Amino acid sequence: MTRKKRKIFKKKGKVIKDLTRNIFKILNEDSSKFYNYKQIAAKLNVSDTDGKTQILKKLAELKANKKIKEVDRGKFQINEDRKYSIGTLDITSNGNGYFVTDDYENDIFIPNINLGKGLHGDVVRAYVYKRKRSHKLEADVVEVIERAKTEFVGVLQKSKNFGFVICDNHKMYADIFISQNKMNIAEHGDKVQATISDWPENSKNPFGKITTVLGKPGDHNTEMHSILLEYDLPYEFEPEVEKEAQELPIEITDKEIAKRRDMRNDLTFTIDPKDAKDFDDALSFTKLENGNYEIGIHIADVSHYLQPKTILDDEAYDRATSVYLVDRVVPMLPEMLSNGVCSLRPNEEKLTFSAVFEINEKAQIKKQWFGRTVTYSDQRFAYEEAQYIIENCKLSDDVQPFTMPENVSITDSAYEVKAEVVEATLQLDKLAKILRKKRMKQGAISFDRVEVKFNLDEEANPVGVFFKSSKDANKLIEEFMLLANRKVAEYIGSKQGKPSNKTFIYRVHDEPDVEKLASLQNIISKFGYKINTETKESTSESLNQLLNDVQGKAESNMIETLAIRSMSKAVYTTQNIGHYGLAFDYYSHFTSPIRRYPDVMTHRLLQLYLDGGESPKADPYEEKCKHSSKREELASKAERSSIKYMQVKYMQDHKDEVFEGVITGVTEWGIYVEITKNKCEGMVRIRDIKSDYYIFDEDQYAIVGQSTKHMYQLGDDVKVQVKKTDLERKHLDFNLIED
């Protein structure tokens, strides 16, 4: 498929995906007009037969649901009589909400009084109407169809015969009423988990019961467990899950080895973070007689141990992902599997699933092979160790052994690295850099963000903050993992350059939203930057230039965050549309089955097709993809919440210090400031700025003094001091130090 055809195909795919909204957009432009399917297709730039057929089917569906009406044969008009729609609630932090539905182009405002006991994320039926004065649409929730969430974490405020749970979740606008006999063993002030059981018609508060007493607010483990439970993430395995894991047969038998490609004699090593315990992947390296290299990407064969329709598999699917908090990992699999039998630890034979490539000096793929293997890891490196080799050794005809110094070694003592391992590391680094350069030239976007990390004491208190950036050793592993993921997806998804229609698990990333890119442009223009959104290619090229230009600047973290937010979210699906951010037409997740359930599904389907099996139905896998994407999102939110908690905790001990920062957000109630040296973000409330009465100016992303006309604008450098730290709500308040 040519680049031009691919672009047209993706654009058409987006139009069809948002078909309901696009049809309503056309019909709402003038509700007195009517259109046939050909006119609608023309307005949507859909010219192919398949696209027109989908439009016809959608029009018939909307007519059957009485959302549009057929005024003449084949001619359709908006149904002005329709008043009720089904959609989801998006609650804001101030207690109001928005009604999100396919029936209308834009989200519809719902004042708090009209929420009808609906909570954030609920599926609801709402009555939509126009306000008399402004004629703007508003909605009134008339029925809650499905609750998104019934369990909440908060603090119990206890009276003599009853209590209320004040929820941590800022989108939960109602406290939960707890009667005396539903309090479990909770005491006043305890952090608890409560489940909503009822919401009586005449009550402004839902009724519930306390299911778990977590401990006292501010206690470290209590807060970490609270974060996990708030996002419906478990923090321990049930006994029956652990029991099934312990009873798994783990011996690698000769019979099992005979079924696999034996690669135990190939030079193999892992490169991971120094504190890693689960090693998903290893690389093997062999020089071939023809001058090329055979490089194996070996992945833990989790699917050999994790069999469908078992307690273990059900638990792994429910979790769908490991969760990485600041001070701990909550694994998808019990430790016996994740850190033990599946982990590719050094000097141990392991069952693996491998992608093996013959690659030449120009990083061109000459041959590929996929299948189950047995491997033996000769060496374990931390990223810092591999990076030290890359920075201090050179490729030559006579590479020598290398002494890893004590201050770099993860063993805390110097040791010798064999010459063949040094050569393999350097050659892999060289090839990875060629692969990365090709990828960037094809339009991939480079988000090399700095990670905030904490030095923790024995009680997990933060005693220092440091930044972790991606170096050559990290990028070496990244490129070969990307190669395996891409080639596995191509192997199954493409047949002679065309989609194969086989059911498979893809990791897809849609093109950026035009409105979000426009908003990004408005903000970055304040700093003298710009992006060119004329074409897909110019967009990715200018985004890369932007990310390069802001490196090391005070505004870098803010602009990188805004750029990421302008992107679509990557998700799992059986419907392939390619991966925009990586510039791949086919992409999957194959390389981390210890910590991601979609990779387990990928392994199972790949083996099915390698064995000559028929393609299974897509629908069950699509459901599993949606579940996995949702769990990934929750895990990501929990991770961010734990970082925010640790930042607030760290700042508790720095209340007397004055910090330099940059304004990262402006609202009608205050400005957000990010401290430059530790990336902690907090709020300066307008009411706390005493030098003038400041007013929010939305157009200039600023607050402006009414008398002095002095302006505090997005991106301005300021000085702040900690005013208040709130661990329970993970919030920082700053005082502005004015000149």
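The charged end of R261 sits over the ring of W369, 4.8 Å from the ring centre; the criterion is NZ of Lys or CZ of Arg within 6 Å of the ring centre and within 35 degrees of the ring normal. The model is predicted, with local features needing pLDDT of at least 70 and side-chain atom pairs pLDDT 80 or more, while totals for chains, interfaces and linings use all residues. Residues are numbered from 1 along each chain as its sequence is written, and side-chain values use heavy atoms, leaving out hydrogens and water.

**Charge over ring**
- K149 places its charged end over the ring of F152, at 5.3 Å from the centre.

**Aromatic pairs**
- Rings of Phe, Tyr and Trp (its six-membered ring) pair if their centres lie within 6.5 Å, and planes under 30 degrees apart count as stacked, over 60 as edge-to-face and the rest as tilted.
- The count by this rule is 16 aromatic pairs.
- One of them joins F162 and F164, edge-to-face, with 5.9 Å centre to centre and 85 degrees between the planes.
- Y694 and Y712 form a tilted pair, with centres 5.6 Å apart and planes at 45 degrees.
- Y694 belongs to strand 33 (residues 694-697) and Y712 to strand 35 (residues 711-713), so this pair ties together parts 18 residues apart in sequence; strands are DSSP runs of E, at least two residues, numbered from the N terminus.
- Ring pairs also link F162, F164, F177 and F207 into a cluster.

**Accessibility**
- Buried means under 20% relative accessible area, exposed over 50% and partly exposed in between (1.4 Å probe, protein chains only).
- F162 is partly exposed at 33%, and F164 is partly exposed at 24%.
- Y694 is buried at 4%, and Y712 is buried at 9%.

Technical notes
Helix = DSSP H or I, 4+ residues; strand = E, 2+ residues; numbered from the N terminus.
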